[in-house]
Amino acid sequence: MARFRREFPSRRRLVPGTLIAFALCAALLAQLHKNGGASSSTSSSFDYYLLSLSWAPEFCAQPGQAAANPGECGPGVAMKFAVHGLWPEANVGKSPETCGPATKVPKGLVNQLLPYMPSASLIQHEWATHGTCTGLTVDDFFTKVLLARAAVQVPVQISSIAAVETESPTEIETEFAGANPGFPKGAFRTACRSGALTEVRACFDKNIKGLACTASAGECASPTVTIGPPH
């Protein structure tokens with residue numbers, strides 16, 4: 001699948017940074033609903049949504065990416081998971097992409113999304129490549145993006161990582177499942193490259209309720225992956 005690019009406590013708890021992030025997300029959602037739809041897109045047939053959360057330390061370690069993406073990789077940023085996108089997926093066959101002409105995401109909306117998707121070019125790309133296949137307005141599409149992100153709690157085993165660790169994809173998925181007991185079994189998948197964690201993916205139905213992933217969501221084939229800490 002070509003793309004542009006551990007809190008496993010006995011009970012769920014939100015750290016202060018998470019509470020702040022949720023408050024910001026709620027404020028942005030309210031603003032989006034106030035603005036209303038900005039432009040419509042041409043829908044294509046798809047079965048579910050896949051939320052891709054990119055592991056920023058691995059992305060930023062790639063040649064040239066740190067300099068090109070200061071919002072995600074700049075000095076002192078120490079970002080962990082960044083929203084890569086919310087992709088309409090087909091259960092079988094090729095998932096839809098670039099389903100029609102895309103208007104530019106308004107600058108004001110881009111600025112509001114940057115804390116979650118820390119690159120203006122990524123935001124524009126995700127709307128043109130994936131948002132246009134949902135049948136949603138640009139505002140409604142990014143509302144779903146934020147709702148999906150807010151629904152996923154990052155497990156403390158990963159959110160508190162301070163040194164390189166090695167785990168199996170199954171262990172990572174189990175930690176995410178433990179931190180998100182409202183999701184059905186099989187709702188999380190890992191993605192990797194050259195034995196390193198690159199993404200965690202979460203599957204949702206069209207109403208942004210957790211859903212068991214199908215084979216089309218992909219899966220890391222490596223028996224173990226390294227997880228690098230934020231710089």
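Trainee: Which residues in α6 meet which residues in α7?

Mentor: This is a predicted model, in which local features need pLDDT of at least 70 and side-chain atom pairs count only at pLDDT 80 or more, while totals for chains, interfaces and linings use all residues. Residues are numbered from 1 along each chain as its sequence is written, and side-chain values use heavy atoms, with hydrogens and water left out. Contact means heavy atoms within 4.5 Å. Here I123, E126 and W127 of α6 meet V138, F141 and F142 of α7. Five of the residues in this contact are nonpolar, none is polar and one is charged.

Trainee: At what angle do the axes of α6 and α7 cross?

Mentor: Axes are lines fitted to C-alpha atoms, for helices over the stretch in contact, and angles run from 0 to 180 degrees between N-to-C directions. The two axes come within 11 Å and cross at roughly 110°. That makes α6 roughly perpendicular to α7, a label for angles of 65 to 115 degrees.

Trainee: Which residues of α6 are buried?

Mentor: Buried means under 20% relative accessible area, with a 1.4 Å probe and protein chains only. In α6, the buried residues are L122, I123, E126, W127 and T129. Their cover includes β2, α5 and α7.

Trainee: Which residues touch the most other members of the largest nonpolar core?

Mentor: In soluble globular proteins, nonpolar side chains tend to be buried together. A nonpolar core joins buried Ala, Val, Leu, Ile, Met, Phe, Trp, Tyr and Cys residues through side-chain atoms within 4.5 Å. In this core of 41 residues, they are L51, F142, V152, F176 and F204. The largest share, six residues, comes from α7.

Methods: Buried means under 20% relative accessible area, exposed over 50%, partly exposed in between (1.4 Å probe, protein chains only). Helices (H or I, at least four residues) and strands (E, at least two) are DSSP runs, numbered from the N terminus. Angles under 35 degrees count as roughly parallel, over 145 as roughly antiparallel, 65 to 115 as roughly perpendicular and the rest as oblique. Ala, Val, Leu, Ile, Met, Phe, Trp, Tyr, Cys and Pro count as nonpolar, Asp, Glu, Lys and Arg as charged, and the others, Gly among them, as polar.
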